[in-house]
Amino acid sequence: MAHDSLTPAPPAGGGAVREPGRRVGLGAPLGSWDAAIVAGLVVAVLVAGAAVPNFATGRNAQFLLLDLVPLALLALPMTLIVVTGEIDLSVASMVGLCSTLMGQLWLSSGLSLELICVLVVLLGALLGAVNGVFVTGFGLPSLAVTIGTLALYRGLSFVVLGDQAVADFPAGWTAAVVRPMPGTSIPVMVVPVLLLALVFGVVLHATPVGRALYAMGNNAEAATFAGVSVARTKFWLFVASGAVCGLAGLFWTLRYASARGDNATGLELTVVTAVLLGGVSIFGGRGRLLGVVAGVLLLGVVRNALQLADVDANALTIVTGTLLIASVVLPNAVGDARARLHRRRQRAQVAAP
Amino acid sequence: MSRTDAGVTERPTGAPPAGAGRPGRGLTERLLAVRELSLLLALGALVLVTTLHNDRFLSSQSVKDLLLGCAILVILAVGQTLVIVTRNVDLSVGSILGLVAFATGELFLAAPGTPWPVALVTGVALGAVCGAVNGGLIAVARVPALVITLGTLYAFRGVDYYWAAGQQINAADMPRSFLRLGNQTLLGVPVLFLVALVVVAVAGFYLRSFRSGRELYAIGSEPTAARLSGIPVGRRVFAVFVASGALAGLAGVLYAARFGTLDAAAGTGLELQVVAAAVVGGVAIFGGSGSVYGAALGAVLLTMIGSSLAVLRIDPFWQQAVVGALILAAIGLDRLLALRMAARLRGRSAHGA
């Protein structure tokens, strides 16, 4: 987001390590922020496992991971979009619309569920393409466009099903999405999410396209002059975001066995929170997918543990908010403190001889 | 009215605005006037169509309901305009409103004899404190307001839930004189709407005629230039967030007076509606242009669409979709006007040379 460009680039990630080239290269698999967030995740899991009864059970792990599937899915394309300096606030509404479209198709079209699933993902891609056209074709700020489509798509999802819910999906399908892998308590659905994360991670960190994303996030104009087709790349990112929302819509609908207009309402802000917590700079040009995945898990673990510890689910948003603020305030505060220390040392050196 | 530049992507971290012809003051103001005019025309057309369909739409009771309905959104939109004009955004207004509304109820529960002006001042002060938290964090962390206020959106709402702990406050808990404030009319106009009008007038006058008000536009147009020309950017931005918080506090007290029944969820999701109202009202999302009058008209239009659809017997489920389409149309229109003006200015300067 283009807010407050007062300071050149003091973004979320990476305390003192500031050279983008070093932070994003494959040679540095762990940026300092990634390391911090992964460490935070490990600490959170250990503390919760030791202190919260029932946290370290297979059943809880299963629910924890299932709850995180939509968030993790949406965070993947969001990471790439934010890296380019754009944002997509319409993701939760696209999930909702895909969910109701799936319900309506199942209710009235007589198509097989397999075909419906394919159609829904394609429809999601189409919704994303609309965002992409507005942002890249008309050159409008993505923040404003996707606030518009947030309302539009959510409205349409109510138009599709009204306040009804479609719930009569085949039991085999609804059971399949929550089933754990044989012999473990890890849901099967984790596998496709991880595969998709791998795809997005490779694209972002190991392909020319990924490099181009960082380039346009740092300076779109320079990227254009370097031969990157900024508009076309961003367009396809929005399409990818829509398609992934279609997948998340399918999962959401089947997991809760209910297609409703208000499915996933408000999830967009949680997704953005997870991405920022993962160390992606809201200015674009910085951040790694590993950090985001760890951020999603950290968010999920902390919330789940506190919920088990009988903290009111709604009051938990304090934790979400504090984590987000701390994740952006702390690196800067640490950087400031280091700079001050450094200056003092330099002064001492000058004074000493 | 994207005044920042004519480029496809407007990223402050990226290129400094390419030297696209910047419209002169007179032209900008003429265009702003067009925006407010076009909003009035849209409102007029909406009223006309709806009234032709059902002449009771303009009955005094219905008009009263309409004015009552939009007052709170208008007040919030004014605060949001102040913030957006400086190229920031305040996503926490809905949470501040909820927190203050609940605090007002709690105040009357704790001290039943409290006169309503005291409650009003307390609410505004609490809102200002929340705004100061936003402004302070933004100043300390030097990160975009979007990130910080997304964090405080969760944090304030969480505090609200934690405090309320499932409790609900009813109209019976609040003094009659206070509740009258929410429904009373003066010469047929709801007091709430008069308050909103005063807020709009004061903010409009301030932005137009005060030096510091003009400086807000300078900050939003180009923060670096504003700083170099001696404007205390940090202090102004801080003050703007305090003002936005205070107005959200005012809106919270009025919300309590109007609805009487309060729980911790009051005002959830309002933030995007408020930003939408400002955007529809012609406030450029990347700062530097727009007026509170436009934002206020945008808020009225968004509110009126809801009641019109009901009268026109259109499925209320369409309302949100229409709002979304309106946002897209508004920013598309802005873009078109900006491009046209840039073309016209280019033509003129070529002529002059």
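This is a predicted model: local features need pLDDT of at least 70, side-chain atom pairs count only at pLDDT 80 or more; totals for chains, interfaces and linings use all residues.
Between the C-alpha atom of A:Pro208 and that of A:Leu267, a residue 59 positions away along the chain, the separation is 31 Å.

Elsewhere in chain A, helix H5 runs over residues 113–137, and its length can be compared with expectation: at 1.5 Å a residue, its 25 residues should span 36 Å, and the 34 Å between its end C-alpha atoms agrees with this. After H5(A) comes A:Gly139, a residue with a positive phi near 70°.

The packing of helices within chain A is illustrated by helix H4 (residues 91–108) and helix H11 (residues 230–255), whose axes come within 8 Å of each other and cross at roughly 55°. The two helices H4(A) and H11(A) are therefore oblique to each other, and the crossing is right-handed. On the side of H4(A), the residues in contact include A:Val91, A:Met94, A:Cys98 and A:Met102, while those on the side of H11(A) include A:Ser241, A:Cys245, A:Leu250 and A:Trp252. Sorted by class, this contact of H4(A) with H11(A) holds nine nonpolar and seven polar residues, and no charged ones.

In chain B, helix H3 (residues 93–110) packs with H11(B) at an angle of about 125°, the axes lying 7 Å apart. That angle makes H3(B) oblique to H11(B). The contact is formed by B:Val93, B:Gly94 and B:Leu97 from H3(B), which meet B:Leu270, B:Glu271 and B:Val274 from H11(B). Of the residues in this contact of H3(B) with H11(B), four are nonpolar, one is polar and one is charged.

The contact between the two chains draws 60 residues from chain A and 59 residues from chain B. On the side of chain B that touches chain A, at least two residues each are supplied by helix H4 (116–141), helix H5 (145–164), helix H9 (223–228), helix H11 (270–280) and helix H13 (318–352) of chain B. The most is given by H5(B), with 15 residues. Divided by class, the side of chain B that touches chain A consists of 39 nonpolar, twelve polar and eight charged residues.

Technical notes:
Residues are numbered from 1 along each chain as its sequence is written. Chains are lettered from A and ligands numbered from 1 in the order in which they are written. Two residues are in contact if their C-beta atoms, placed from the backbone, lie within 7 Å. Helices (H or I, at least four residues) and strands (E, at least two) are DSSP runs, numbered from the N terminus. Ala, Val, Leu, Ile, Met, Phe, Trp, Tyr, Cys and Pro count as nonpolar, Asp, Glu, Lys and Arg as charged, and the others, Gly among them, as polar. Axes are lines fitted to C-alpha atoms, for helices over the stretch in contact, and angles run from 0 to 180 degrees between N-to-C directions. Angles under 35 degrees count as roughly parallel, over 145 as roughly antiparallel, 65 to 115 as roughly perpendicular and the rest as oblique. A crossing is left-handed if the near helix is turned anticlockwise from the far one by less than a right angle, and right-handed if clockwise. The expected span of a helix is 1.5 Å times one less than its number of residues.
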